[in-house]
Amino acid sequence: MKVRRAVAETRQRLEAAGCESPEVESEILVAHLLGAARSEIALDDSRKLSKAEERTLDLLVARREEREPLAYVLGEWGFRRLLLAVDARVLVPRPETEIVVERCLARIGTLTEPRVLDVGTGSGAIALAIADEHPGARVTGVDASSGALEVAGANVVRTGIAIDLRTWDLFTGLPEGPWDLVVSNPPYVLPEEIETLEPEVRDWEPRLALVDDGQTARLSREARDVLDGVLVVEVHEALADQAKGLLDELGYLDTEIRPDLTGRPRIVEGRWHPA
Ligand SMILES: C[S@@+](CC[C@H](N)C(=O)[O-])C[C@H]1O[C@@H](n2cnc3c(N)ncnc32)[C@H](O)[C@@H]1O
(Lines give C-alpha, C1' and ligand atoms only; values in the text may rest on other atoms or scores of the structure.)
Protein backbone atom coordinates (compact mmCIF):
# COMPACT_ATOMS: atom_id res chain seq x y z
CA MET A 1 0.00 0.00 0.00
CA LYS A 2 1.26 3.49 -0.86
CA VAL A 3 1.90 6.00 1.94
CA ARG A 4 -0.82 8.40 0.82
CA ARG A 5 -3.42 5.66 0.86
CA ALA A 6 -2.25 4.47 4.29
CA VAL A 7 -2.69 8.02 5.62
CA ALA A 8 -6.14 8.36 4.02
CA GLU A 9 -7.38 5.02 5.38
CA THR A 10 -6.00 5.82 8.84
CA ARG A 11 -7.73 9.20 8.77
CA GLN A 12 -11.07 7.60 7.90
CA ARG A 13 -10.77 5.09 10.72
CA LEU A 14 -9.84 7.74 13.29
CA GLU A 15 -12.64 10.00 12.10
CA ALA A 16 -15.17 7.16 12.44
CA ALA A 17 -13.84 6.46 15.96
CA GLY A 18 -14.55 10.09 16.95
CA CYS A 19 -10.92 11.18 17.39
CA GLU A 20 -10.56 14.94 17.55
CA SER A 21 -7.84 15.54 14.93
CA PRO A 22 -7.89 12.59 12.49
CA GLU A 23 -5.98 14.41 9.76
CA VAL A 24 -2.99 15.37 11.85
CA GLU A 25 -2.98 12.12 13.82
CA SER A 26 -3.07 9.91 10.71
CA GLU A 27 0.07 11.64 9.42
CA ILE A 28 1.75 11.38 12.82
CA LEU A 29 0.99 7.65 13.08
CA VAL A 30 2.22 6.79 9.59
CA ALA A 31 5.33 8.96 10.05
CA HIS A 32 6.02 7.27 13.40
CA LEU A 33 5.66 3.85 11.77
CA LEU A 34 8.12 4.73 9.02
CA GLY A 35 10.54 6.60 11.28
CA ALA A 36 10.04 9.67 9.11
CA ALA A 37 9.09 13.31 9.71
CA ARG A 38 5.44 14.25 9.12
CA SER A 39 6.48 16.70 6.40
CA GLU A 40 8.35 13.92 4.56
CA ILE A 41 5.41 11.56 4.31
CA ALA A 42 3.04 14.34 3.27
CA LEU A 43 5.20 15.05 0.21
CA ASP A 44 6.50 11.62 -0.75
CA ASP A 45 4.04 9.22 -2.31
CA SER A 46 6.60 7.00 -3.96
CA ARG A 47 7.18 4.91 -0.85
CA LYS A 48 5.14 1.81 -0.16
CA LEU A 49 4.41 0.13 3.15
CA SER A 50 5.59 -3.47 3.43
CA LYS A 51 3.07 -6.08 4.55
CA ALA A 52 4.69 -6.09 8.00
CA GLU A 53 4.38 -2.29 8.20
CA GLU A 54 0.73 -2.52 7.17
CA ARG A 55 0.07 -4.99 9.98
CA THR A 56 1.87 -2.80 12.54
CA LEU A 57 -0.06 0.27 11.39
CA ASP A 58 -3.32 -1.65 11.72
CA LEU A 59 -2.45 -2.48 15.35
CA LEU A 60 -1.53 1.12 16.17
CA VAL A 61 -4.71 2.47 14.59
CA ALA A 62 -6.83 -0.16 16.35
CA ARG A 63 -5.45 1.08 19.68
CA ARG A 64 -6.26 4.67 18.79
CA GLU A 65 -9.75 3.61 17.67
CA GLU A 66 -10.25 2.46 21.27
CA ARG A 67 -9.48 6.08 22.16
CA GLU A 68 -6.19 5.19 23.82
CA PRO A 69 -4.28 8.51 23.95
CA LEU A 70 -2.07 9.10 20.92
CA ALA A 71 0.89 9.60 23.27
CA TYR A 72 0.50 6.07 24.68
CA VAL A 73 0.12 4.59 21.19
CA LEU A 74 3.32 6.34 20.09
CA GLY A 75 5.02 5.53 23.42
CA GLU A 76 6.54 9.01 23.60
CA TRP A 77 5.50 12.63 23.85
CA GLY A 78 7.19 16.01 23.54
CA PHE A 79 7.52 18.26 26.58
CA ARG A 80 9.56 21.48 26.40
CA ARG A 81 12.86 20.40 24.75
CA LEU A 82 12.46 16.73 25.66
CA LEU A 83 10.88 13.67 24.04
CA LEU A 84 9.71 11.57 26.99
CA ALA A 85 8.61 7.95 27.22
CA VAL A 86 4.97 7.72 28.33
CA ASP A 87 2.53 4.90 28.93
CA ALA A 88 -0.63 4.23 30.93
CA ARG A 89 1.30 4.47 34.23
CA VAL A 90 1.66 8.26 33.84
CA LEU A 91 -0.31 11.32 32.89
CA VAL A 92 0.47 12.58 29.38
CA PRO A 93 2.43 15.83 29.96
CA ARG A 94 0.28 18.81 28.95
CA PRO A 95 1.16 22.13 27.26
CA GLU A 96 -0.11 24.12 30.28
CA THR A 97 2.45 22.33 32.45
CA GLU A 98 5.15 23.70 30.15
CA ILE A 99 4.12 27.13 31.48
CA VAL A 100 4.56 25.84 35.03
CA VAL A 101 8.16 25.01 34.09
CA GLU A 102 8.50 28.49 32.56
CA ARG A 103 7.38 30.04 35.85
CA CYS A 104 9.77 27.86 37.86
CA LEU A 105 12.71 28.85 35.67
CA ALA A 106 11.76 32.53 36.08
CA ARG A 107 11.68 32.12 39.87
CA ILE A 108 15.01 30.22 40.26
CA GLY A 109 16.90 31.84 37.38
CA THR A 110 19.11 33.96 39.65
CA LEU A 111 20.20 31.01 41.82
CA THR A 112 23.27 29.06 40.70
CA GLU A 113 22.44 25.73 42.38
CA PRO A 114 18.78 25.82 43.39
CA ARG A 115 17.40 22.80 45.24
CA VAL A 116 14.13 21.80 43.57
CA LEU A 117 11.44 19.32 44.65
CA ASP A 118 8.78 18.15 42.12
CA VAL A 119 5.88 16.53 43.98
CA GLY A 120 3.88 14.00 41.91
CA THR A 121 6.52 13.84 39.22
CA GLY A 122 4.75 11.26 37.01
CA SER A 123 6.81 10.84 33.83
CA GLY A 124 9.37 13.21 35.37
CA ALA A 125 8.33 15.92 32.92
CA ILE A 126 8.63 18.96 35.21
CA ALA A 127 11.69 17.70 37.10
CA LEU A 128 13.61 16.76 33.94
CA ALA A 129 12.69 19.94 32.07
CA ILE A 130 13.88 22.13 34.96
CA ALA A 131 17.15 20.19 35.24
CA ASP A 132 17.55 20.40 31.47
CA GLU A 133 16.99 24.13 31.27
CA HIS A 134 18.75 25.12 34.51
CA PRO A 135 21.87 22.94 34.49
CA GLY A 136 22.85 24.05 38.01
CA ALA A 137 19.55 22.91 39.53
CA ARG A 138 19.61 19.89 41.83
CA VAL A 139 16.23 18.31 41.28
CA THR A 140 14.34 15.61 43.16
CA GLY A 141 11.08 14.12 41.87
CA VAL A 142 8.73 12.16 44.14
CA ASP A 143 5.58 10.20 43.44
CA ALA A 144 3.29 7.82 45.32
CA SER A 145 3.01 5.59 42.25
CA SER A 146 5.84 3.08 41.78
CA GLY A 147 4.70 2.59 38.17
CA ALA A 148 5.06 6.32 37.49
CA LEU A 149 8.53 6.31 39.03
CA GLU A 150 9.57 3.46 36.73
CA VAL A 151 8.60 5.62 33.75
CA ALA A 152 10.40 8.64 35.24
CA GLY A 153 13.49 6.41 35.73
CA ALA A 154 13.32 5.33 32.10
CA ASN A 155 13.20 9.00 31.14
CA VAL A 156 16.32 9.74 33.19
CA VAL A 157 18.13 7.09 31.15
CA ARG A 158 16.55 8.22 27.88
CA THR A 159 17.41 11.92 28.32
CA GLY A 160 20.70 11.48 30.19
CA ILE A 161 19.56 14.20 32.63
CA ALA A 162 20.47 13.54 36.26
CA ILE A 163 17.67 13.91 38.80
CA ASP A 164 16.94 12.10 42.03
CA LEU A 165 13.70 10.04 42.20
CA ARG A 166 11.95 8.76 45.31
CA THR A 167 8.75 6.92 46.15
CA TRP A 168 6.86 9.27 48.43
CA ASP A 169 3.30 9.93 49.56
CA LEU A 170 2.82 13.65 50.17
CA PHE A 171 0.24 12.85 52.84
CA THR A 172 3.16 11.70 55.03
CA GLY A 173 4.85 15.12 54.69
CA LEU A 174 7.54 16.14 52.20
CA PRO A 175 11.22 15.17 51.91
CA GLU A 176 13.47 17.22 54.14
CA GLY A 177 14.63 20.54 52.73
CA PRO A 178 15.38 23.27 52.62
CA TRP A 179 14.14 23.49 49.03
CA ASP A 180 14.47 26.70 47.04
CA LEU A 181 11.50 25.60 44.95
CA VAL A 182 8.69 23.14 45.53
CA VAL A 183 6.69 22.60 42.34
CA SER A 184 3.73 20.36 41.68
CA ASN A 185 1.07 19.52 39.15
CA PRO A 186 -1.10 17.58 41.59
CA PRO A 187 -4.26 15.69 40.58
CA TYR A 188 -7.04 18.30 40.37
CA VAL A 189 -9.96 16.86 38.41
CA LEU A 190 -13.04 16.99 40.62
CA PRO A 191 -14.56 13.52 41.20
CA GLU A 192 -17.88 14.65 39.69
CA GLU A 193 -16.09 15.91 36.55
CA ILE A 194 -14.54 12.57 35.57
CA GLU A 195 -17.50 11.27 33.58
CA THR A 196 -17.63 14.47 31.50
CA LEU A 197 -14.03 14.11 30.26
CA GLU A 198 -12.88 12.79 26.90
CA PRO A 199 -12.48 8.97 26.76
CA GLU A 200 -8.70 9.41 26.32
CA VAL A 201 -8.52 10.89 29.81
CA ARG A 202 -11.47 9.22 31.53
CA ASP A 203 -10.74 5.65 30.42
CA TRP A 204 -6.96 5.60 30.07
CA GLU A 205 -5.04 8.00 32.27
CA PRO A 206 -4.29 6.87 35.86
CA ARG A 207 -7.00 7.90 38.33
CA LEU A 208 -4.29 8.61 40.92
CA ALA A 209 -2.87 11.20 38.52
CA LEU A 210 -6.26 12.78 37.83
CA VAL A 211 -8.65 12.90 40.74
CA ASP A 212 -8.34 15.52 43.44
CA ASP A 213 -8.19 13.86 46.81
CA GLY A 214 -7.03 16.90 48.74
CA GLN A 215 -3.45 16.85 47.42
CA THR A 216 -3.26 20.59 46.61
CA ALA A 217 -4.33 21.66 50.09
CA ARG A 218 -2.09 19.13 51.81
CA LEU A 219 0.90 20.08 49.67
CA SER A 220 0.37 23.76 50.51
CA ARG A 221 0.43 22.94 54.22
CA GLU A 222 3.33 20.48 54.15
CA ALA A 223 5.58 22.63 51.96
CA ARG A 224 5.93 25.15 54.81
CA ASP A 225 8.04 22.62 56.76
CA VAL A 226 10.61 22.14 53.98
CA LEU A 227 10.60 25.34 51.93
CA ASP A 228 12.93 28.32 52.01
CA GLY A 229 11.81 29.79 48.71
CA VAL A 230 8.94 29.46 46.26
CA LEU A 231 5.93 27.19 45.86
CA VAL A 232 4.56 26.85 42.30
CA VAL A 233 1.40 24.75 41.84
CA GLU A 234 -0.71 23.98 38.77
CA VAL A 235 -4.40 24.21 39.70
CA HIS A 236 -7.88 23.68 38.31
CA GLU A 237 -8.97 26.93 36.68
CA ALA A 238 -12.15 27.01 38.76
CA LEU A 239 -10.16 26.62 41.98
CA ALA A 240 -7.32 29.10 41.45
CA ASP A 241 -8.84 31.72 43.78
CA GLN A 242 -9.44 29.09 46.43
CA ALA A 243 -5.85 27.78 46.14
CA LYS A 244 -4.41 31.29 46.39
CA GLY A 245 -6.74 32.04 49.33
CA LEU A 246 -5.37 29.00 51.15
CA LEU A 247 -1.77 30.14 50.59
CA ASP A 248 -2.70 33.57 52.02
CA GLU A 249 -4.37 31.96 55.00
CA LEU A 250 -1.32 29.75 55.62
CA GLY A 251 0.96 32.78 55.66
CA TYR A 252 2.69 32.54 52.28
CA LEU A 253 4.07 35.84 50.98
CA ASP A 254 3.55 37.55 47.60
CA THR A 255 0.93 35.03 46.49
CA GLU A 256 -0.28 35.32 42.92
CA ILE A 257 -2.28 33.59 40.20
CA ARG A 258 -0.71 33.20 36.77
CA PRO A 259 -2.45 32.36 33.48
CA ASP A 260 -1.67 29.53 31.08
CA LEU A 261 -1.16 30.11 27.33
CA THR A 262 -4.90 30.53 26.77
CA GLY A 263 -5.23 33.09 29.56
CA ARG A 264 -6.96 30.77 32.04
CA PRO A 265 -5.91 31.10 35.72
CA ARG A 266 -3.93 27.89 36.15
CA ILE A 267 -0.83 28.49 38.28
CA VAL A 268 -0.63 29.61 41.89
CA GLU A 269 2.60 30.81 43.46
CA GLY A 270 3.81 32.06 46.82
CA ARG A 271 6.95 32.44 48.93
CA TRP A 272 7.69 30.83 52.27
CA HIS A 273 10.74 31.35 54.45
CA PRO A 274 11.32 29.73 57.83
CA ALA A 275 11.22 32.08 60.83
C1 LIG B 1 -1.40 15.34 37.38
S2 LIG B 1 -0.16 14.10 37.55
C3 LIG B 1 1.29 15.06 37.18
C4 LIG B 1 2.39 14.29 36.54
C5 LIG B 1 3.56 15.16 36.03
N6 LIG B 1 4.12 15.97 37.10
C7 LIG B 1 3.08 16.08 34.92
O8 LIG B 1 2.93 17.29 35.18
O9 LIG B 1 2.86 15.61 33.81
C10 LIG B 1 -0.11 13.94 39.31
C11 LIG B 1 0.91 12.96 39.87
O12 LIG B 1 0.78 12.98 41.31
C13 LIG B 1 0.93 11.66 41.80
N14 LIG B 1 0.27 11.61 43.11
C15 LIG B 1 -1.05 11.50 43.38
N16 LIG B 1 -1.26 11.46 44.71
C17 LIG B 1 -0.04 11.55 45.30
C18 LIG B 1 0.42 11.55 46.66
N19 LIG B 1 -0.45 11.45 47.67
N20 LIG B 1 1.75 11.67 46.90
C21 LIG B 1 2.63 11.75 45.87
N22 LIG B 1 2.27 11.74 44.56
C23 LIG B 1 0.95 11.64 44.27
C24 LIG B 1 0.31 10.78 40.74
O25 LIG B 1 0.78 9.45 40.82
C26 LIG B 1 0.70 11.50 39.45
O27 LIG B 1 1.90 10.98 38.92
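**Helix packing, loop geometry and the ligand site**

Q: At what angle do helix H6 (residues 95-108) and helix H7 (residues 125-133) pack?
A: This is a predicted model, in which local features need pLDDT of at least 70, side-chain atom pairs count only at pLDDT 80 or more, and totals for chains, interfaces and linings use all residues. Residues are numbered from 1 along each chain as its sequence is written, and side-chain values use heavy atoms, with hydrogens and water left out. Helices (H or I, at least four residues) and strands (E, at least two) are DSSP runs numbered from the N terminus. The axes of H6 and H7, lines fitted to C-alpha atoms over the stretch in contact with angles from 0 to 180 degrees between N-to-C directions, lie 10 Å apart, and the packing angle is about 45°.

Q: How are H6 and H7 oriented relative to each other?
A: Angles under 35 degrees count as roughly parallel, over 145 as roughly antiparallel, 65 to 115 as roughly perpendicular, and the rest as oblique. With an angle of about 45° between them, H6 and H7 are therefore oblique.

Q: How are H11 and H12 oriented relative to each other?
A: Helix H11 (residues 215-222) packs against helix H12 (residues 240-250) at about 25°, and their axes are 10 Å apart. H11 and H12 are therefore roughly parallel.

Q: How far apart are the axes of helix H1 (residues 3-16) and helix H2 (residues 22-34)?
A: The angle at which H1 and H2 pack is about 130°, which makes H1 oblique to H2. The separation of the axes of H1 and H2 is 8 Å.

Q: Which residues does a cis peptide bond join?
A: The bond has an omega of about 5°. The residues joined are Gly 177 and Pro 178.

Q: In which loop is Arg 67 placed?
A: Arg 67 is not a glycine, although its phi is positive, about 70°. Its place is in the loop between helix H4 (51-65) and helix H5 (70-74).

Q: Which residues come nearest to the ligand?
A: There are 20 residues around the ligand, a residue being near if one of its heavy atoms lies within 4 Å. Those that come nearest are Gly 120, Asp 143, Asp 169, Leu 170 and Asn 185.
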